[in-house]
Amino acid sequence: MYHVQLIGFLGKDPEQKQVRGNGANFTVLSVATQQSWKDSNDEWQSKTEWHRVVAFNRLGESIVSTLHKGDHVLVDRQLVSSKYERENGKSKKSKTSKVTILWSVRANSVRRLSRAEAEASVQANGMETGSESNEPPF
């Protein structure tokens, strides 16, 4: 089992779907994370990764009604894989199949983040600029 935590932004509104076999509802999120680094020329580079997040039951239902495109979120749970087989080619003679593995995050919790929370946390820890206290922030 893999444990995953993602902090990123929703690329679109959450989509509610149904499992084909039993009709159970689930919600799919598209979460973008970004990594930045300095290259050998001392210039900033960045790369955006898109993650498929799936939430079931009450969590999925609450996500649909509370989260929207552009929201900053923290997702926590496990990484899971699904295997799909498709026929390779259109001809009747083609008997080979193509196996595709799809990775997604099965969410246990999804929390909306806000800049106000981050700023309040910094101020509560005594880290605000201009503080003249010699006390450590812990």
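Leaving aside its neighbours within four places in sequence, which residues is alanine 107 in contact with? That was my way into this one, a predicted model.

**Entry 1: alanine 107**

I found alanine 107 in strand β6. Setting aside neighbours within four places in sequence, I get contacts with Val53, Val54, Ala55, Leu59, Val75, Asp76 and Arg77. Buried or exposed, I wondered, for alanine 107? Its relative accessibility is 10%, so I put it down as buried, the cut-off being under 20%. I also checked leucine 29: its C-alpha lies 9.8 Å from that of alanine 107, though 78 residues separate the two in sequence.

**Entry 2: the chain as a whole**

I stepped back to get the layout. I count six strands and two helices, and reading from the N terminus the order is β-β-β-β-α-β-β-α. The chain has 138 residues, and 22% of them are buried.

**Entry 3: strand pairing**

Next I went through β4. How many bridges join strand β3 to strand β4? I find 13, linking residues 25-38 with residues 44-56, and the two strands run antiparallel. Glutamine 34 sits opposite threonine 48 of β4. Five residues lie between the strands of this hairpin, and aspartate 42 has a positive phi near 60° there.

β4 also pairs with β6 (residues 97-113), this time parallel and through two bridges. I noted valine 54 with arginine 106 in β6 as its bridge partner. Valine 54 had already turned up among the contacts of alanine 107.

**Entry 4: the largest pocket**

I then asked which residues line the largest pocket. The lining is made of Lys17, Val19, Phe26, Arg52, Val54, Phe56, Val80, Ser82, Tyr84, Leu102, Ser104 and Arg106. β4, β5 (72-87) and β6 are the elements that give two or more residues to it. By class I get seven nonpolar, two polar and three charged residues. The volume comes out at about 250 Å³.

How values were computed:
Residues are numbered from 1 along each chain as its sequence is written. This is a predicted model: local features need pLDDT of at least 70, side-chain atom pairs count only at pLDDT 80 or more; totals for chains, interfaces and linings use all residues. Side-chain values use heavy atoms; hydrogens and water are left out. Two strands pair if DSSP finds at least two bridges between them. Helices (H or I, at least four residues) and strands (E, at least two) are DSSP runs, numbered from the N terminus. On a 1 Å grid over the protein atoms alone, a cavity is a set of points where a 1.4 Å probe fits but cannot get out, and a pocket is an open set with protein on both sides within 12 Å along at least five of seven lines; lining residues have an atom within 4 Å of a point. Grid points are joined across faces, edges and corners, and a volume is the space filled by probe spheres set on the points. Ala, Val, Leu, Ile, Met, Phe, Trp, Tyr, Cys and Pro count as nonpolar, Asp, Glu, Lys and Arg as charged, and the others, Gly among them, as polar. Buried means under 20% relative accessible area, exposed over 50%, partly exposed in between (1.4 Å probe, protein chains only). Contact means heavy atoms within 4.5 Å.
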